[in-house]
Amino acid sequence: MAITVPRRQLFIGGQWTEPVRRKTLPVVNPATEDIIGYIPAATSEDVELSVEAARKAFSRNNGKDWARATGAVRAKYLRAIAAKVIERKSELANLEAIDCGKPLDEAAWDMDDVAGCFEYYADLAEGLDAKQKAPLSLPMDTFKGYILKEPIGVVGLITPWNYPLLMAVWKVAPSLAAGCTAILKPSELASLTCLELADICREVGLPPGVLNILTGLGTEAGAPLASHPHVDKIVFTGSTTTGSSIMTSAAKLVKPVSLELGGKSPIIVFDDVDIDKAVEWTMFGCFWTNGQICSATSRLLVHERIADEFLDKLVKWTKNIKISDPFEEGCRLGPVVSKGQYDRVLKFVSNARNDGATVLCGGTRPEHLKKGYFVEPAIISNVTTSMEIWREEVFGPALCVKTFSTEDEAIELANDSQYGLAGAVLSNDLDRCDRVSKAFQAGIVWVNCSQPCFCQAPWGGTKRSGFGRELGEWGLENYLSVKQVTQYISDEPWGWYKPPSKL
């Protein structure tokens with residue numbers, strides 16, 4: 001399918017801006033391995049310009065243009081952006097699919113979620129007005145107090161390539177709703193739709209500098225953004241290794257961070273399930289988004305009583321997945337995002353086989369696809385808990401399997417991980433599901449499903465999966481500073497110190 005990739009520049013201060021060093025990066029279609037365009041490559045000089053633009057926008061007209069404007073004013077812009085996203089849904093979905101390789105149907109679904117996220121935070125922006133000056137209950141009647149919620153300032157938003165526009169908007173929408181000004185640095189592997197978001201912001205007349213968008217490498221643009229002394233907070237989604245580096249940079253400036261990092265999430269399947277339904281949710285939990293999901297339930301724990309039947313059906317269903325160019329009708333698994341990611345996934349499967357695991361299916365290039373970064377979804381059994389495939393995040397379509405005999409054993413295996421992003425439990429016994437939900441060491445739990453995500457519900461993890469929560473009201477709180485105001489209201493002097501004696 002022929003798609004024209006728009007030629008864009010950096011978006012700084014409401015204007016398209018050529019990178020200071022005039023550098024570009026190629027855009028590679030992962031389904032064909034062809035270069036289909038170029039994106040600008042920002043460096044530290046461009047970061048300086050964007051931070052300056054964001055600071056000006058934050059303080060312009062003593063903050064009345066944005067930071068201290070009412071939430072209702074900001075909501076109008078968010079709703080206008082949402083409407084433009086819907087208007088350009090087909091174009092945006094096409095760019096997303098060709099840029100990161102996700103099936104077109106999925107990319108279109110993402111665009112609906114992008115618009116919905118802007119609408120949701122428009123509502124919360126309006127609601128913020130009513131929450132200002134919330135009274136405090138104080139123990140002394142000579143004082144009264146209230147709370148102000150204020151934007152934290154200029155924020156740096158660093159986002160991944162698996163949901164290029166949607167995960168950017170998870171940060172952009174609440175940060176703008178709160179009154180912050182922002183610099184967005186999307187992944188260099190998939191930036192096209194974020195640059196189109198810049199064009200949408202320009203179309204709706206978003207005040208200049210409120211949102212600035214820099215594309216480029218993490219080392220050349222992301223790192224100087226994270227360490228910049230005039231950026232008040234960094235919010236990052238990506239690998240645990242990069243998150244640790246960002247946290248180290250921020251610590252030197254005592255700068256707050258929110259981190260949504262890696263995962264190796266479990267899905268526990270008990271022996272009382274409808275097997276066909278459970279098989280499909282298990283597949284969806286690991287192979288959706290071409291397996292490139294931080295919350296992927298990629299560790300399957302299946303009760304030993306149904307393990308043989310379950311795995312037999314799971315392999316048959318998995319072999320039936322349509323793997324194709326994302327634009328083919330009915331595509332349910334496209335290519336992984338890059339050559340580096342392709343090699344990484346194949347190596348994980350190869351290492352598992354060398355470690356003694358059994359590859360029941362997949363883990364290789366599909367025979368009918370000679371080009372592109374396609375990997376057949378892999379199911380790997382006979383895994384031990386010490387194996388790399390069990391402990392490390394693959395970020396590709398690879399599911400490893402262990403059996404269990406008791407609920408306690410399943411919970412112990414599920415929690416035996418450095419990560420704690422998500423977990424799923426499948427059982428017809430809802431009391432058991434409740435027990436397991438409480439026992440999971442994770443920030444997200446799914447019962448009788450895997451991977452549903454709603455912008456109203458908090459998102460984030462524990463342990464090495466990071467800290468802080470996105471989405472819901474918690475996502476807005478990420479970008480707000482809480483200020484207490486306390487007033488002395490008595491007509492009487494305080495009376496702690498005695499006045500000087502009168503002469």
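How far apart do the C-alpha centres of domain 1 and domain 2 lie? They lie 31 Å apart in this predicted model. The domain assignment of the protein chain gives domain 1 as 10–261 + 465–486 and domain 2 as 266–447.

**Extent of the domain contact**

- Domain 1 contributes 28 residues to the contact, and domain 2 contributes 28 residues.
- The size of an interface is often given as the accessible area lost when the parts come together.
- For domain 1 and domain 2, the area buried between them is about 2,300 Å².
- Carbon and sulfur atoms account for 60% of that buried area.

**Polar and charged pairs across the contact**

- Between domain 1 and domain 2 there are 12 residue pairs in polar contact, with both residues at pLDDT 80 or more.
- The count of salt bridges between domain 1 and domain 2 is 2.
- D105 and R332 form a salt bridge through their side chains, at 3.2 Å from N to O.

**The domain 1 side**

- Two elements, α3 (89–100) and α4 (104–131), each give two or more residues to the side of domain 1 that touches domain 2.
- Helix α3 supplies the largest share of that side, with 5 residues.
- Sorted by class, the side of domain 1 that touches domain 2 holds 14 nonpolar, 6 polar and 8 charged residues.

**S427**

- S427 sits in the loop that runs between β18 (422–426) and α14 (430–439).
- Is S427 buried or exposed? S427 has a relative accessible area of 0%, so it counts as buried, the cut-off being under 20%.
- The side chain of S427 makes a polar contact of 3.0 Å with the side chain of D272.
- With neighbours within four places in sequence left aside, the residues in contact with S427 are F270, D272, V273, R432, C433 and N448.

**D343**

- D343 belongs to helix α11, which spans residues 339–354.
- The relative accessible area of D343 is 34%, so D343 is classed as partly exposed; that class lies between the 20% limit for buried and the 50% limit for exposed.
- V375 is 32 residues from D343 in sequence, and the two are 9.7 Å apart in space, C-alpha to C-alpha.

Conventions. Residues are numbered from 1 along each chain as its sequence is written. This is a predicted model: local features need pLDDT of at least 70, side-chain atom pairs count only at pLDDT 80 or more; totals for chains, interfaces and linings use all residues. Side-chain values use heavy atoms; hydrogens and water are left out. Domain bounds come from an automatic or database domain assignment. Contact means heavy atoms within 4.5 Å. Buried area is the accessible area (1.4 Å probe) that two parts lose on being put together, summed over both. A salt bridge is a side-chain nitrogen of Lys or Arg within 4 Å of a carboxyl oxygen of Asp or Glu. A polar contact is a pair of N or O atoms within 3.5 Å; within protein, one must be able to donate a hydrogen and the other to accept it, and residues adjacent in sequence count only if both atoms are side-chain atoms. Helices (H or I, at least four residues) and strands (E, at least two) are DSSP runs, numbered from the N terminus. Ala, Val, Leu, Ile, Met, Phe, Trp, Tyr, Cys and Pro count as nonpolar, Asp, Glu, Lys and Arg as charged, and the others, Gly among them, as polar. Buried means under 20% relative accessible area, exposed over 50%, partly exposed in between (1.4 Å probe, protein chains only).
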